[in-house]
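Please have the sequence and the model open side by side. The text below starts from a single residue and then moves out to the sheet, the hairpin and the surface.

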Amino acid sequence: RCFQVCMREKKRAISREAARKRRRVESDVFGELCRLLPLQPSVRAHLDKPSVIRLTLSYIRIHTLLKVKRGRLNETEEGVKTLEETNMYLRTLDGFLMVLSTDGDMIFLSHNVSNYMGLTQTELMGHNIFEFTHPCDHEEITNNLQEILFGGKRDFVMRVKSALTHRGRSTNLKSATWKVLHCQGQAKVSLNPSSGSCLLLTCQPLPLSHKLLSTHTFTSQHSMDMRFTFCDQRVLLLLGYAPEELMGRSIYELCHTLDAGCLTKNHMNLCMKTQSVSGKYRMLVRGGGYVWVETHSAVIPSVRPSKSRPGAHHPLCILCVTYVLR
């Protein structure tokens, strides 16, 4: 009996030692993977094992897509110049970059995504876009992803979770609000199955009206069916209309027939997502002819309660900032 007890204890000791060895080997492998990630040491120090795997797969996929040569780009003079140019473009863009796979995985996001969503690049990369977007926008996102194989440009609006408060402070994801993003980009089609295809997007938060206020813009308010209820005096200089001439008229009356679909899409986005960008369309000038314009719109909620539904609030008007392209 003593011999059997000793043998059992010996087997347990061997098993414990084997388990410790496996854990050491596993920790060494994850440590090596973590050191290979192109991240700051302070960021790498806080990564858990699932995050290391997720980020490693994302970087492998983006390197395969872009066919990046081995080595860290920012260690060369050319790399430093490229990074400086990239940062300059991101500041000018007033948004962030996103690369999506055909399945909706966020393969890459630029480092400044935290300025707009309150979530860092490492927290988002490798996750699926559908985990962070509004359920009502999933169909539109799916359509844009399914059409990747056909190539072409993309221009759509979607709502994503944002952990930033109105004062710019970060909060937890459970308290996140919806932020409206205007997404524009290009589908990258690859004939090589190993590299795959992807969607390259620039994502800009709406509204962007404060960026557009200049001598080439005019502001207007509309009812929910897009009829003018107010227009500032700059429309006289830009389009030749006196503000009072436009009151009660629909914006569709001034739009070129071939561009009506552009405005309709913008109107639908407004009704569903409260903010939108029209894209470029032609607007009629009073003296004849058309000019190319782009309109940034937002639904302004009413501060007065509805008479039919006490305590409820309803949209009062649509605020538009229209930029006349020169």
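Leaving aside neighbours within four places in sequence, asparagine 266 is in contact (heavy atoms within 4.5 Å) with Ser276, Val277, Ser278 and Ser297. The model is a predicted one, in which local features need pLDDT of at least 70, side-chain atom pairs count only at pLDDT 80 or more, and totals for chains, interfaces and linings use all residues. Residues are numbered from 1 along each chain as its sequence is written, and side-chain values use heavy atoms, with hydrogens and water left out.

Asparagine 266 belongs to helix α11. Its relative accessibility is 3%, so asparagine 266 counts as buried; buried means under 20% relative accessible area, exposed over 50%, and partly exposed in between (1.4 Å probe, protein chains only). Helices (H or I, at least four residues) and strands (E, at least two) are DSSP runs, numbered from the N terminus.

Helix α11 spans residues 260–273 and lies across β3 and β4, running at about 10 degrees to β3. Axes here are lines fitted to C-alpha atoms, for helices over the stretch in contact, and angles run from 0 to 180 degrees between N-to-C directions.

Strands β3 and β4 are part of an open sheet of five strands, in the order β2-β1-β5-β4-β3, with antiparallel pairing. Two strands pair if DSSP finds at least two bridges between them. The edge strands, each pairing on one side only, are β2 (106–109) and β3 (153–162). From one strand to the next, the twist averages 30 degrees. Helix α7 (residues 138–146) also packs on the sheet, where it touches β1 (96–101), β3 and β5; the direction of α7 makes about 140 degrees with that of β3.

Within the sheet, β4 (residues 177–188) and β5 (residues 198–205) run antiparallel and are joined by eight bridges. Cysteine 183 has cysteine 203, in β5, as its bridge partner.

A separate pairing to look at is that of β6 (residues 217–222) with β7 (residues 228–231), antiparallel over three bridges. Histidine 222 stands opposite phenylalanine 228 in β7. The hairpin of β6 and β7 has five residues between the strands, and methionine 226 takes a positive phi near 70 degrees there.

On the surface, Ile53, Leu57 and Ile60 form a nonpolar patch with about 270 Å² of accessible area together. Accessible areas come from the Shrake-Rupley method with a 1.4 Å probe, and for residues only the protein chains shown count as cover. Isoleucine 53 sits in helix α3 (residues 49–66), and counts as partly exposed because its relative accessibility is 40%.

Key:
Patch = residues over 30% accessible without salt bridge, like charges linked within 9 Å, V, L, I, M, F, W, Y side chains within 5 Å. Salt bridge = Lys/Arg side-chain N within 4 Å of Asp/Glu carboxyl O.
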